[in-house]
Amino acid sequence: ELLLKIAQYELAAEAEFSADEPCFRYFGRQSPAGDYHLNWRKAEQQELFFFRVEHPLAQHMITGALNRELPRKLLLLDYTRHGAKISALQNLACKQGWLSLRKLTVESLGAEDYLIMTGVTDEGHELDEEVCEKLFRLQAAEADCTENPPPDLAMVAEPLIQQKLQAISVRNSRYFDEEMFKLDGWAEDLKLGLEREIKEIDAMIREQRKYAAAALDLESKVALHREIKELEKQRSQKRRYLFDAQDEIDAKKEKLLAEVEQRLQQKVSVTELFVVRWQIV
């Protein structure tokens, strides 16, 4: 639904959109001309282009939308034309205020982006993120805005940013515990399994030595000692494999520790994407 809405805005001059289905006919130059459908089953059945977030045309329009400079505007939000009841917005009827959207970027092993939406009424009441998001479900008319936003918008966003950073820290801590637990479990299972196999070989060697000592002819003694030698070779291989496996596990633990240390050296940046003045009419 959101992808379709972006497409309807970004591709308005290059496509014709169906009123009945999530599809459009594209005649621009950024992608092959033809019919695109957002439902993969129907796209496959009708041999149309499947339009998804990863599609080059979708990526092109999303990049264009992200990089667009957004001047400050007044959005006149029409609650009466929405149709469905939105309980969270009923108390905001005929009220006005400010709303901002910030992008929180956390860089460590890779870049992660999070959207932080904040809003306040002119009376100073803070709006939670759910209410802010629901404001964008309303149809809106755009008007010029010459007022400056209040400075408390940044202060309202700060606790939300810290909450998100704390959630990321908890997630990374849980990931570390789970990975370390798996490595320790693997090491313990491997150790117990190989130690059991080595004990079984030791028992076989002792048994063969008894047979060798009791054998009367030299030929039988030599054959039994050959078998003992082979069992001792297997035992040595098991012990070497245990040491090699422990070294491998230690290397994986070291890699995990290095990865976590890199995550701890994260870079955090906050970018203001837009600020709007809103009024529910």
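Mentor: A pocket, as the word is used here, is an open set of grid points where a 1.4 Å probe fits, with protein on both sides within 12 Å along at least five of seven lines. The model we are discussing is predicted.

Trainee: With that in hand, what volume does the second largest pocket have?

Mentor: Its volume is about 180 Å³.

Trainee: Which elements give two or more residues to its lining?

Mentor: Those elements are helix 6 (152-214) and helix 7 (218-264). Helix 6 provides the largest share, seven residues. Among the lining residues are Leu165, Tyr175, Phe176, Val260 and Arg263.

Trainee: And how does that lining divide by class?

Mentor: The lining of the second largest pocket has six nonpolar, four polar and one charged residues.

Trainee: What about the largest pocket, how much space lies in it?

Mentor: The largest pocket holds about 2,200 Å³ of space. Its lining is made up of 42 residues, and Ile6, Leu70, Leu101, Phe136 and Phe274 lie nearest the centre.

Trainee: Which element gives the most to that lining?

Mentor: Strand 10 does, with six residues. Other elements that give two or more include helix 1 (2-10), helix 3 (56-67) and strand 6 (96-107).

Trainee: How many of the lining residues there are charged?

Mentor: In the largest pocket, 15 are charged, alongside 23 nonpolar and four polar residues.

Trainee: Changing topic, what is the strand order in the open sheet?

Mentor: The six strands run in the order 8-7-6-10-5-9, and their pairing is mixed. Strand 8 (126-127) and strand 9 are the edge strands, each pairing on one side only.

Trainee: Then in which sense do strand 7 and strand 8 pair, parallel or antiparallel?

Mentor: Strand 7 and strand 8 are antiparallel, joined over two bridges. Gly119 has Leu127, in strand 8, as its bridge partner.

Trainee: Which helix packs on the sheet?

Mentor: Helix 6 does, and it touches strand 6, strand 7, strand 8 and strand 10. The direction of helix 6 makes about 145° with that of strand 7.

Trainee: Stepping back, how many helices and strands does the chain have?

Mentor: The chain has seven helices and ten strands.

Trainee: Is the chain spread out or compact, and why?

Mentor: Its radius of gyration is 33 Å, well over the 19 Å that the globule rule gives for 281 residues, so the chain is more spread out than a compact globule. The C-alpha trace spans about 110 × 50 × 35 Å along its principal axes.

Terms used
Residues numbered from 1 in each chain as written. Predicted model: local features only at pLDDT ≥ 70, side-chain atom pairs only at ≥ 80, totals over all residues. Heavy atoms only, no water. 1 Å grid on protein atoms, 1.4 Å probe; cavity = no way out; pocket = protein on both sides within 12 Å on 5 of 7 lines; lining within 4 Å. Points joined across faces, edges and corners; volume = space filled by probe spheres on them. Helix = DSSP H or I, 4+ residues; strand = E, 2+ residues; numbered from the N terminus. Nonpolar A, V, L, I, M, F, W, Y, C, P; charged D, E, K, R; others polar. Pairing = 2+ DSSP bridges. Contact = heavy atoms within 4.5 Å. Axes fitted to C-alpha atoms, helices over the stretch in contact; angles between N-to-C directions. Rg over C-alpha atoms; globule rule 2.2 N^0.38 Å.
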